[in-house]
Amino acid sequence: MKKVFLSPIVSVLLGTMNVSGVVADEPLSALVMLKSDVGSMEPGTVDPVVLGRLQAEAGLELKWVGNTRTNARVLRLPAGLSQEEAEFAVRRIGAVDGVLWAAVDSGTAAVPAKLAVATATAVDEFIIKLRNPADFGAAAVDKLSIAAGVRLVPQAETLVEARVFRLAHAISVAEAAVIERRLEALPEVRYADPVTAMKAKAAGAAELVTPNDELFPQMWHLQSGPGAVAGSANVQAAWSLTKGSADVMVAVLDSGILFAPTHPDLESRLEYKNAEKTSIVGWDMIRNVQYARDGNPRDKKPKDEGDWEPVGYCGKEGGK
């Protein structure tokens with residue numbers, strides 16, 4: 001069975017290059033995480049009934065070729081698809097009931113080279129997941145430390161029952177790669193991921209960027225530098241490094257947007273389920289039925305009315 005090593009965070013947050021009409025040299029694959037497999041300890045097979053539903057929704061023949069380390073299914077797409085066609089098919093798969101998320105995997109590194117950060121300088125922590133989380137005892141930690149060649153100090157447990165370990169001293173990225181291979185060679189280890197420390201710029205070195213939005217002075221939550229309110233996102237300083245990339249997909253948690261007509265700043269940035277752009281990718285995250293206008297808890301219907309307040313609550317009048 002082919003084992004695909006892909007960080008779950010990278011799978012959810014990183015989009016793929018949207019090269020319209022360009023056919024990939026090799027068949028592309030879809031990474032599909034089923035809700036029923038979240039937290040599963042061992043890779044499972046694909047239920048033919050579920051595979052049939054996914055194929056029917058995508059309108060394509062899909063071939064199961066393996067699982068990722070977090071138990072997402074790797075489904076090979078037919079040869080000859082362009083990146084855009086693959087992404088459209090995967091968006092349809094992601095809308096199927098029982099699917100937590102779906103993404104296109106081009107078969108390359110988990111993080112595209114153009115997104116790699118050259119300032120990665122050191123590693124001082126590892127995230128390690130055992131096949132049996134109950135085995136994280138003192139003896140197991142000693143065995144992991146011996147295999148790593150450096151003392152591992154337990155720090156915290158993650159949501160997926162992995163453990164964060166701090167190293168006795170920081171090591172280079174190259175040394176961390178060696179330790180990663182040593183740890184993953186142990187039969188009881190499911191995966192071992194180094195946590196990369198990033199070298200920050202000196203304080204004040206980043207040039208502050210100020211947009212030409214006349215209302216920006218009111219947007220305290222985005223501002224940087226002298227006078228910025230505590231809790232600000234420090235976005236002005238971040239803009240000096242990058243103003244974003246179409247290759248990166250980001251999930252925004254908010255109480256909603258106005259859809260059709262859509263705000264011009266958002267219209268070209270949304271992820272759509274169909275070519276007509278009448279349906280967007282997203283979730284209704286209102287879990288309290290008392291406040292949900294659709295009368296049910298969380299679901300994959302992002303156009304749910306949400307928990308809006310009476311007319312005028314946001315400063316508008318006349319029903320607008």
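At what angle do helix H2 (residues 48–58) and helix H3 (residues 83–94) pack, and how far apart are their axes? Here are some friendly notes to read beside the model.

1. **Ground rules.** This is a predicted model, in which local features need pLDDT of at least 70, side-chain atom pairs count only at pLDDT 80 or more, and totals for chains, interfaces and linings use all residues. Residues are numbered from 1 along each chain as its sequence is written, and side-chain values use heavy atoms, leaving out hydrogens and water.

2. **Two helices.** H2 and H3 pack at an angle of about 130°, and their axes are 8 Å apart. Helices (H or I, at least four residues) and strands (E, at least two) are DSSP runs, numbered from the N terminus. Axes are lines fitted to C-alpha atoms, for helices over the stretch in contact, and angles run from 0 to 180 degrees between N-to-C directions. H2 is therefore oblique to H3 (under 35 degrees is roughly parallel, over 145 roughly antiparallel, 65 to 115 roughly perpendicular, the rest oblique). On the H2 side, Leu54, Glu57 and Ala58 make the contact; on the H3 side, Ala89, Arg92 and Ile93 do. Contact means heavy atoms within 4.5 Å.

3. **The largest core.** A nonpolar core is a set of buried Ala, Val, Leu, Ile, Met, Phe, Trp, Tyr and Cys residues joined through side-chain atoms within 4.5 Å. The largest one has 20 residues, and Phe126, Ile128, Leu144 and Leu183 have the most contacts inside it. At least two residues each come from S6, H4, S8, helix H5 (173–184) and S9. Leaving aside residues up to four places away in sequence, Ile128 touches several others, including Phe136, Leu144, Phe165 and Leu183.

4. **Another core.** A second, separate core has 19 residues, among them Leu28, Leu77, Ala86 and Val96.

5. **Aromatic pairs.** Rings of Phe, Tyr and Trp (its six-membered ring) pair if their centres lie within 6.5 Å; planes under 30 degrees apart are stacked, over 60 edge-to-face, and the rest tilted. The count is two pairs. Phe136 and Phe165 have ring centres 5.8 Å apart and planes at 45°, so this pair is tilted. Phe136 lies in the loop between strand S6 (120–130) and helix H4 (138–148), and Phe165 in strand S8 (residues 163–171), so the pair ties together parts 29 residues apart in sequence. Phe136 and Phe165 are buried (under 20% relative accessible area; exposed is over 50%, partly exposed in between; 1.4 Å probe, protein chains only).

6. **The other pair.** Phe216 and Trp239 are also tilted, at 6.2 Å centre to centre and 45° between the planes. Phe216 is buried, at 6% relative accessible area, whereas Trp239 is partly exposed, at 24%.
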